[in-house]
Amino acid sequence: MKIKQGSPFPLGSTLYNDGCNFSIHSPDNLISLIIFTNNNDYYEYSLNTDDEVIYYIFIPNIISGTQYGYKITDNNGNSRLLLDPYTHKLSKPLEYYYPLDAEQSWTLSKSVVVDHAFDWEEDSFPNHPIEKTILFELHVKGFTQQHPTIAPSYQGNYLGLCQPDLIDFFKQQSITSIQLLPIVAFVTEPHLIDNKLANYWGYNSVCFMAPHPNYAKNDAVTELKLMVKELHRHDIEVILDVVFNHTAEGDNNGPCFHLKALDHHYYLRNEHNQYINYTGCGNTLDLTHQASLTLVLDSLRHWVKEYHIDGFRFDLATTLGRDHENFSAHNAFFMAIAQDPILQKVKLIAEPWDIGPNGYQLGNYPDNWHECNDKFRDITKSYWLQQPNLAKNFATRLMGSRDIFSASRWPQKLPVNFISYHDGFTLQDLVSFNNKHNDANGENNRDGHSDNRSNNHGVEGDTDNPAILLLRDQQKRNLMVSLLFSFGIPHLLAVDSLSHSQQGNNNAYCQDTTISWANWNLSKIDNAFQKWLADMISIRQQIMPDVIRAFSNENRTKNSITWSNASGIQITPQQWLDIDHFSLYINLFNNHGELLYLVNGTNRPLTFNLPVGSKWNIVCDTSTKNIIIDDINVSYLQPAHSMSILYRSN
């Protein structure tokens, strides 16, 4: 029941038929509500409070679209306008110039009251099983900005991602889930604007519950819902990359949008009252503080309830499980999600590190959290592109990194394997550049990491040399087959399916340009790779889910695994120290099929003796882009720098 003088809960602006309830957490400052009129005049309202922590009021006759904010008096006696941390919408893109003083605060984007009524038309969550999930990471603007058949009015925005040609593309690639770079309202830092650059990736959140207005034609709230509904209609999940480890308010010298003025306990501070920086972005949200934890949990529920979001990838997730320097899988944040009837049902993916003490926590997250496995990325790239003696480590990563992720916890704790992410080289650049080329970022090529584990195969960057082009294409196939047929959840960078190059830029966070925008103008070799990759993902979906399930049930120890050299002789522990190739033979329990991996990382062809029995079907051979239809049963000549997957059913 709504109380006419207002209610402290729920926080934020809650619209009713006869008005709106406003509520805000503000123990540090006396605060008043500002309601703006159509001509940008405003009315000011004093707020009620029961505890001088939460302030609230009910105002009649407020309608959807009403702009509002909260006024405080700062230390200099100036009136400053704050955004509502719980706002569901911004009135316009948020931009500011440094320093953000009290006067400028009144000119910025305002909070907006939202009516969330929407015809979902019996929309249902696709709810793909985790072993069948294929993650496709993309940028809302960048993936459609240059698409040749999407109408210009849809390019670069939410509705562009659900146009028929894009959905056809996702279906052709057998994608189950698109993972969107941040779409929560964020802001570009002034130093980037001064250099005519932008915060393109979006890891600089301002309001956790408001969709980024720049990606909308007219109304971000409605258009994002339309996008999700249409993707769901085609059985495609939507995963959001969310940033709850820090906000755009930065360090002690950063801007004040809301949290800094409302409650100084929102952020971690040291004994000198300086913001602790476990994120590399100036501040760290303290989730041991009840108001911070509540804000994050309310935000997550909001995206699932109001937008039907299927899951989340948590940026620098170690921060969320911290009690200052200590990380625990039993932290209040993890426990709260585990018992939440809404959040316990969605997909949860952690980037399992931050830059604070003991920040690297791969493998230490609770069940039902799937972690980005950088060990797989690094070892797989090294094995194929740098040729060190890493066959043993590569074999471990291929088999699901069971030294880190026990198979006894599959599939509820299955690693997210990947080769390329939004940060780092694209797949094409991994095989085309030895060094980063980040000059366009304006930092004299100092930004971005240097441990790319890449190989240009003889020429740095573009080349017309057919031998190099063929070798690069083969290496891309090696990396993708390793990913798709490893035990785990495959994560693909969407632009990799287009062989997109960032011209060696491995840190394109500030490049809202053709460097980052997907290039849909494909060469003949790029078109062939796209078709090959689509075929491989489709075949993976036919084979690997059953294999992963076979290793995830009570009979998992009854499956047979054999590691052998090319001669078919089992590899001893001592031989693993210097071997450069191997075969992996998997015989599933109760005659449910056999799978054989032939892996040749050497610079010479090897003849592999095959396990006896009926003929093998060749799933793929990375030495060719063609699908091989011949069956074999005795031996197979595996070309240099290539691998094959063979399968037979019993």
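In helix H12, Leu469, Asp473, Lys476, Arg477, Met480, Val481 and Leu484 meet Ile525, Phe529, Trp532, Leu533, Met536, Ile537, Arg540 and Met544 of helix H13; contact means heavy atoms within 4.5 Å. This is a predicted model, in which local features need pLDDT of at least 70 and side-chain atom pairs count only at pLDDT 80 or more, while totals for chains, interfaces and linings use all residues. Residues are numbered from 1 along each chain as its sequence is written, and side-chain values use heavy atoms, with hydrogens and water left out.

**Helices H12 and H13**

- The residues of this contact of H12 with H13 divide into 11 nonpolar, no polar and four charged. Ala, Val, Leu, Ile, Met, Phe, Trp, Tyr, Cys and Pro count as nonpolar, Asp, Glu, Lys and Arg as charged, and the others, Gly among them, as polar.
- The axes of H12 (residues 466-484) and H13 (residues 524-550) come within 11 Å and cross at roughly 20°.
- H12 is therefore roughly parallel to H13 (angles under 35 degrees count as roughly parallel, over 145 as roughly antiparallel, 65 to 115 as roughly perpendicular and the rest as oblique).

**Helices H9 and H10**

- The axes of H9 (residues 374-386) and H10 (residues 391-398) come within 9 Å, with a crossing angle of roughly 135°.
- H9 and H10 are therefore oblique to each other.
- From H9, Lys375, Phe376, Ile379, Thr380, Tyr383 and Trp384 meet Ala391, Asn393, Phe394 and Arg397 in H10.
- The residues of the contact of H9 with H10 comprise six nonpolar, two polar and two charged.

**Asn199**

- Asn199 lies in the loop between helix H4 (190-194) and strand S13 (205-211).
- With a relative accessible area of 7%, Asn199 is buried (buried means under 20% relative accessible area, exposed over 50%, partly exposed in between, with a 1.4 Å probe and protein chains only).
- Although Asn199 and Cys510 are 311 residues apart along the chain, their C-alpha atoms are separated by 4.8 Å.
- The side chains of Asn199 and Glu189 are joined by a polar contact of 3.2 Å. A polar contact is a pair of N or O atoms within 3.5 Å; within protein, one must be able to donate a hydrogen and the other to accept it, and residues adjacent in sequence count only if both atoms are side-chain atoms.

**Ser299**

- Ser299 is placed in helix H7 (residues 290-307) and is buried, with a relative accessible area of 0%.
- The Ser299 side chain reaches the backbone oxygen of Leu295 at 2.7 Å.
- Not counting residues up to four places away in sequence, Ser299 touches Phe208, Met209 and Phe244.

Terms used
Axes are lines fitted to C-alpha atoms, for helices over the stretch in contact, and angles run from 0 to 180 degrees between N-to-C directions. Helices (H or I, at least four residues) and strands (E, at least two) are DSSP runs, numbered from the N terminus.
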